[in-house]
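This report looks at helix packing and nonpolar cores. The structure comes first.

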Amino acid sequence: MAVVCRRITASSRTYSLSALTRCLQEEAAAIAVAAERLSSSQVEKALVLLERCSDQRAKLVITGVGKSGIVARKIAATFSSIGLMALYLNPLDAMHGDLGVVAQEDVCLLLSNSGETAELLEVLPHLKRRGTARIALVGKPDSSLARGSDVVLEASVDREVCPLNLAPTASTAVAMAIGDALAAIWMERRNISPADFAFNHPAGSLGKQLTLTASDLMVPVEKVQPLQPNTSLQEVICKLTQDGIGSGWVEDPSTAGLLLGLITDGDLRRALRDHSAENWASLSAAELMTADPITVDADLLAVEAIKQMECNRRKPISVLPVVGPDSSGNLLLGLLRLHDLIQAGLT
């Protein structure tokens, strides 16, 4: 009996997988058909409106009800993330004051499968009165909403993936795909770069890589007391322990703030290894430090600083001094630690 049950379970799993594959294929087919139905001239008009919207620093206002409203929110979020100011407007709230966010130079994208959504048709004349350009993303190109818009993007489907042909499934997938395609083409035309994209994604991995600089993550020099060349080994150890940074910098006695050398835990270990124990008490910071250490500029991207740490052939680097130009040399601004780069999620 147990064997039979296992066979039934395996058979059910296979059936579920094949059914899921079929549904996905049906949605993919619906998107492919929609791509053929789209009017190239209408698509071009829509893109021209979006470009004008961007040039005028205007807004893309996207509205819809129910499942179309959810798709509208997603499209608005996508456009906002790539640099075109976009927002979702609930048509019910629009009729009770929120229509005030819509300006004449804005573009309004209206989503409705039927093209007869009452809430959108109520908003439509008020958009016309304001002179706001209107793009209808509809399943029926001969609908009331389409007739009242400047541009019509057909998003019709022959049937929903839902077995009852009722739940919005293929229709919402097509609407979402058309919105994504508009955003992708707009990015191409505006030459949106990874840096532009990261500007609106500062918390993401890409955003951090393209925006965080050495100065953003460094320990400011004010938090790390300088050592002098003649500072004794005992004082050096106390300073490194006291600051809690794990490294220290040696200041040029002739110029305040000028970096003369760097002392890390590794420098201490190597110095103690290379000198006999009876001479440790006489060691000074000048004998412990790495003179003329590798430094980075404050505006260097943090990911580039990581590369310098990893690619150094002389010895592993866990701390990089961050310097700024000065008439007398490199003025120390802070210390960039590998630990801080890891915590920022850059490694």
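## Basis

Contact here means heavy atoms within 4.5 Å. Helices (H or I, at least four residues) and strands (E, at least two) are DSSP runs, numbered from the N terminus.

The model is predicted: local features need pLDDT of at least 70, side-chain atom pairs count only at pLDDT 80 or more, and totals for chains, interfaces and linings use all residues. Residues are numbered from 1 along each chain as its sequence is written, and side-chain values use heavy atoms, leaving out hydrogens and water.

## The H11–H12 pair

In H11, Leu233, Val236, Ile237 and Leu240 meet Asp265, Leu268 and Leu272 of H12. By class, this contact has 6 nonpolar residues (Ala, Val, Leu, Ile, Met, Phe, Trp, Tyr, Cys and Pro). It has 1 charged residue (Asp, Glu, Lys and Arg count) and no polar ones (the others, Gly among them).

## The largest core

A nonpolar core is a set of buried Ala, Val, Leu, Ile, Met, Phe, Trp, Tyr and Cys residues joined through side-chain atoms within 4.5 Å. Buried means under 20% relative accessible area (1.4 Å probe, protein chains only).

The largest such core has 35 residues. Leu60 and Phe79 have the most contacts inside it. Elements that each supply at least two of its residues include helix H1 (2–37), strand E1 (60–63), helix H3 (67–81) and helix H7 (170–189). H7 gives the most, with 7 residues.

Beyond its neighbours within four places in sequence, Phe79 contacts Leu50, Leu60, Leu84, Ala86, Gly179, Leu182, Ala183 and Trp186.

Notes: Buried < 20%, exposed > 50% of the residue type's maximum accessible area, 1.4 Å probe, protein only.
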